[in-house]
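Hi,

Here is the structure I promised to pass on. Have a look at it first, and then read my notes below.

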Amino acid sequence: MSKVTIRPVKVDDIPYINEMRIMKGVKENILGISTERIEYTEEFIKNIDINKHILVAQLKDETKVVGLVGLHVNSTPRLRHSASIGIMVHRDYQGKGIGKKLMKEILDLADNWLMLKRVELGVFADNERAIKLYELYGFKIEGRRKYAAIRNGKYEDEYIMGRYNI
């Protein structure tokens, strides 16, 4: 695998992002669905506001984006110290350190530039690989949401995980 660059998202990344969102091996864990239209992704990327920070993983010397992480800072004044994270990695590039690179960069932004105290995320309770990644970066399971989402025709539980920078 060629080297990976982590950088802010661009409009040119939309087709690659949409491809990942509907991809078997990715959609199951990010709440994507096979019929998600590219216009949805386009609207989301084109309307990123000051409280949303999106980074992508791009293969060096290629245009292809193989991962994405988003940090969504709460805009409510009493919650501005916290944010939520969402992450996905292309199925062909999972297990190659891209998730770690994305997490490292987005948490540096959260801790050292935005001075956030709390970062949280949701993860399917059986997604052991993702849970291990999050624990590597200091996230702890805070609770379990029963029947939180549908995946492959079944209701699945989700862990809420939090990380604190205090």
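Predicted model: local features only at pLDDT ≥ 70, side-chain atom pairs only at ≥ 80, totals over all residues.

Which exposed residues does the face of α5 turned away from its buried side carry? Residues are numbered from 1 along each chain as its sequence is written, and side-chain values use heavy atoms, with hydrogens and water left out.

Back to α5. The answer is Glu128, Arg129, Lys132 and Leu136. Exposed here means over 50% relative accessible area, buried means under 20%, and partly exposed is in between (1.4 Å probe, protein chains only). The helix and strand names are DSSP runs numbered from the N terminus: H or I with at least four residues for helices, E with at least two for strands.

The buried residues in α5 are Ala130, Ile131, Leu133 and Tyr134. These four sit on the same side of α5 because they cover an arc of only 160° around the axis, the arc being that of the directions from the helix axis to the C-beta atoms. As a rule, an α-helix has 3.6 residues a turn, so residues three or four places apart point the same way. The buried residues of α5 pack against β4, α4, β5 and β7, where contact means heavy atoms within 4.5 Å. Just after α5, Gly138 has a positive phi of about 95°.

Next, the sheet. Seven strands form an open sheet in the order β1-β2-β3-β4-β5-β7-β6, with mixed pairing; two strands pair if DSSP finds at least two bridges between them. At the edges are β1 (4–8) and β6 (140–151), each pairing on one side only. Helix α1 (residues 14–21) lies across β2, β3 and β4, at about 90° to β3.

How do α4 and α5 meet, by angle and axis distance? They pack at about 35°, with their axes 11 Å apart. Gly99, Lys100 and Met103 of α4 make the contact with Leu133, Tyr134 and Leu136 of α5.

Now for the inside. A nonpolar core is a set of buried Ala, Val, Leu, Ile, Met, Phe, Trp, Tyr and Cys residues joined through side-chain atoms within 4.5 Å. The largest one has 31 residues, and Ile85, Tyr134 and Phe139 touch the most other members. α4 gives the largest share of this core, six residues. Leaving aside neighbours within four places in sequence, Phe139 is in contact with residues including Ile85, Met103, Val119 and Tyr134. A second, separate core of 13 residues includes Val26, Ile30, Leu68 and Met88.

Glu19 lies in helix α1 and counts as partly exposed, because its relative accessibility is 36%. Glu156, in strand β7, counts as buried, at 15% relative accessibility.

Cheers

Methods. Axes fitted to C-alpha atoms, helices over the stretch in contact; angles between N-to-C directions.
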